[in-house]
Amino acid sequence: MSLLKIGPLLKDGRLVGEDAFQPVADDAALPASGAVLVTYARWQAEKDQLSGRNAPLGIVLPNTLDVLDFGAEAERFDLIVLNFPKFSDGRAYSQARLLRERFGYRGELRATGHVLQDQLWHMQRSGFDAFEIPREDAAEAFAKAVKSFSNVYQPTGDGRVSALKQRLAAYNTKNGRKEAAE
Amino acid sequence: MYQYDEIDQTMVDERVAQFRDQVARRLTGEISEDEFKPLRLQNGLYLQLHAYMLRIAIPYGTLSSRQLRGLAQIGCTYDRAWGHFTTRQNLQYNWIKLEDTADALADLAKIQMHAIQTSGNCIRNTTTDQFAGAAHDEIEDPRVWCEIIRQWSTFHPEFSFLPRKFKIAVTGSPNDRAAVRVHDIGLRMHKNDAGEIGFEVIVGGGLGRTPFIGKTIRDFLPKQDLLSYLEAILRVYNQFGRRDNLYKARIKILVHEIGIETMREKVEAEFAASKDGALKLPQEAIAQIAAQFAPPAFENLSGISADYANAFRTDFEFGLWARRNTFKHKQPGYSIVTISLKKEGAPPGDASAEQMNAVADIADRYSFGEIRVTHEQNLVLAHVKQADLPAVFKALKAYDLATPNIGLASDIIACPGLDYCALANARSIPIAQQIALRFRNWERAHDIGELKIKISGCINACGHHHVGHIGILGVDKAGEEFYQITLGGAADEQAAIGDLIGPSLNTQDAVDAIDTLVETYLRLRKSSDERFLDTYRRVGLAPFKEAVYVSA
């Protein structure tokens with residue numbers, strides 16, 4: 001799978017001028033130093049060598065990967081890139097939630113591929129915090145898109161309190177009970 | 001009835017604003033039609049043969065009279081003063097302009113309605129028994145669970161770009177009126193030996209090109225685990241459902257290909273890892289939602305109303321209607337009334353704005369201001385005092401809404417077909433109309449008894465032809481409309497896919513064949529109590545096939 005970047009990087013609502021991670025093609029030699037981004041295939045073939053480098057490590061996962069087979073290794077990485085080959089292919093949403101919520105991954109989780117403004121809300125709620133967007137001048141609109149809705153119905157790893165739990169908390173407060181934990 | 005609070009209202013208002021912006025970006029060309037399509041679809045907007053069609057969600061088929069009047073008004077403002085009720089408990093407008101859509105959605109939001117997720121590859125409007133909360137045979141009101149599912153599935157961040165559309169249906173009665181075995185997920189409420197109520201979870205049912213009856217993945221799921229379990233199924237489907245072929249992308253194909261045992265292992269593993277997490281439903285939260293579906297203030301009635309009994313004896317037309325279009329209520333002295341949208345000659349499921357307003361008025365006066373929409377494309381007044389039935393009949397009759405044909409041969413499900421739909425191969429409405437005409441003689445129709453005829457204009461099976469006692473599927477043969485006939489399908493608790501009787505027939509022959517099939521049934525049945533479906537199950541396909549093809 002390709003490591004080619006398709007556009008500017010948006011992280012925590014702001015454009016990141018220079019990506020700290022240098023993509024390294026599968027057949028290219030690893031640079032002596034600096035953060036690198038490698039494919040899942042390369043990671044599988046060169047685990048020792050890659051782990052031995054004293055620099056941040058990023059990995060691109062194919063969206064066909066069952067992350068249950070990878071999750072235990074997630075914490076070794078500073079960056080995990082998940083792919084949307086087409087905006088309508090939503091497998092990476094599940095991968096993202098599993099990595100964040102099941103395996104407790106805390107590093108950067110970046111969306112790449114066909115990333116559209118109208119999906120940022122879904123992506124962020126699923127655990128992504130960085131997005132490769134099509135154009136720099138779209139950054140503002142993209143940053144706004146994650147704020148499309150003031151409330152949420154579902155609890156996810158983003159920590160927002162669901163409508164159900166908000167109502168329950170309000171009810172319990174009114175009735176002098178302790179708030180239920182989310 | 002469930003009422004939006006500030007959270008729900010803000011959500012639909014923000015949705016309108018979001019869609020207004022999306023339409024604007026489409027009109028300036030900032031986003032391509034390809035990119036716009038899923039956005040409009042998830043707002044219920046289809047591009048059809050002649051115009052845009054807007055599909056409105058009617059969650060679990062429940063409407064207030066105010067909402068029904070609002071739908072009539074929106075039909076007048078943006079359409080041709082009509083609405084079409086569908087098998088998915090939706091309402092469709094057929095003549096909408098793209099540039100009006102955001103305004104129509106804004107008007108809907110004012111009556112706590114929307115078009116969210118009525119299309120697209122996401123979790124669709126959850127459907128249920130139209131008699132929920134009223135039927136005498138109910139274990140528990142399923143609308144509470146439909147509302148919990150509605151909230152969980154609305155804008156679900158993980159499941160808005162699934163391999164294909166996803167439909168969930170719930171029944172709270174052992175007599176399945178929600179066709180749960182032909183949904184992606186069907187939920188049946190059961191009481192176990194310990195007296196606890198929970199769900200049987202059925203997965204992988206569906207019609208269309210490859211029809212399947214759903215399989216039970218879990219016999220009994222405790223209520224508080226419902227959302228965790230649904231999320232587990234959806235997560236497995238999102239990751240492992242096929243995306244290489246549109247026709248093989250539904251969960252039924254995944255279940256079929258990997259087998260229900262493997263599917264169960266995957267889902268149960270996912271469920272085990274998440275069941276005690278944030279999705280576990282606290283008892284008080286369930287109770288808060290259930291409180292909104294509390295029964296209305298019924299009167300304490302006993303015995304049979306004298307007015308009702310008298311009308312039943314003396315007014316023949318009323319008696320016919322009351323026998324056919326009412327159903328036993330759990331509250332003594334009350335009945336459930338089904339309003340037929342199948343008057344002969346009318347497209348099944350269509351209602352004029354005038355009729356919608358009339359039904360809203362009648363509901364206000366006689367049924368606590370509440371209306372239901374059925375998957376068989378009729379309307380329901382769920383709580384009518386038996387003493388009021390004669391007055392309700394009269395009021396409905398004035399608007400052509402009292403056809404006494406519920407469950408009979410002319411109570412046909414039909415998709416819009418080639419008259420409206422861009423996917424159709426043949427027309428459905430005219431053939432439904434012609435068949436209904438054949439059974440206009442009430443004596444014959446009532447003698448035939450329960451007979452479910454379902455018509456689809458293409459393989460996508462929106463008219464549920466696979467599960468019709470008689471199913472009719474429109475096909476295109478060198479530019480001519482032909483119809484394939486299936487027998488023995490059922491959508492109830494004994495769901496079955498119908499058997500094809502033989503080569504397809506042209507329009508005239510197909511209509512004649514329905515007559516022949518019915519006559520064959522009348523000849524073969526053991527008694528007038530044996531329904532068409534029962535006779536078919538007893539004698540099989542051969543005599544019916546012979547009657548149609550030999551006599552032809």
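Predicted model: local features only at pLDDT ≥ 70, side-chain atom pairs only at ≥ 80, totals over all residues.
Figure 1. Residues are numbered from 1 along each chain as its sequence is written, and chains are lettered from A and ligands numbered from 1 in the order in which they are written. B:Gln331 sits in the loop between strand S11 (326-328) and strand S12 (334-339) of chain B; helices (H or I, at least four residues) and strands (E, at least two) are DSSP runs, numbered from the N terminus. B:Gln331 counts as buried, with a relative accessibility of 19% (buried is under 20% relative accessible area, exposed over 50%, partly exposed in between; 1.4 Å probe, protein chains only). Leaving aside residues up to four places away in sequence, B:Gln331 touches B:Phe298, B:Glu299 and B:Asn300 (contact is heavy atoms within 4.5 Å). The side chain of B:Gln331 reaches the backbone oxygen of B:Glu299 at 3.4 Å.

**Figure 2. Two salt bridges within chain B.** A salt bridge is a side-chain nitrogen of Lys or Arg within 4 Å of a carboxyl oxygen of Asp or Glu. B:Asp141 is bridged to B:Arg143, with the closest N and O atoms 2.7 Å apart, and both B:Asp141 and B:Arg143 are buried. In the salt bridge of B:Lys280 with B:Asp276, the closest N and O atoms are 2.8 Å apart. B:Lys280 is partly exposed, at 30% relative accessible area, whereas B:Asp276 counts as exposed at 56%.

Figure 3. The whole structure holds 59 salt bridges over all chains. One of them joins A:Arg110 and A:Glu132, whose closest N and O atoms are 3.7 Å apart. This pair links distant parts of the chain, with A:Arg110 in strand S7 (residues 108-113) and A:Glu132 in strand S8 (residues 130-132) of chain A, 22 residues apart. Both A:Arg110 and A:Glu132 are buried. A network of salt bridges links A:Lys11, A:Asp19, A:Arg100, A:Glu108, A:Arg110, A:Asp129 and A:Glu132.

**Figure 4. Interface of chain A and chain B.** Chain A gives 39 residues to the contact and chain B gives 48 residues. About 3,900 Å² is buried between the two chains, 55% of it on carbon and sulfur atoms (buried area is the accessible area, 1.4 Å probe, that two parts lose on being put together, summed over both). In chain A, the residues that lose the most area to chain B are A:Phe149, A:Tyr153 and A:Arg167, together 19% of what that side buries. The interface has 8 salt bridges. A:Arg97 forms a salt bridge with B:Glu231, the closest N and O atoms lying 2.8 Å apart. On the side of chain A that touches chain B, helix H3 (91-102), helix H4 (120-126) and helix H6 (163-174) are the elements that give two or more residues. H6(A) provides the largest share of that side, 7 residues.

Conventions:
Heavy atoms only, no water. Polar contact = N/O pair within 3.5 Å; in protein donor to acceptor, adjacent residues only side chain to side chain.
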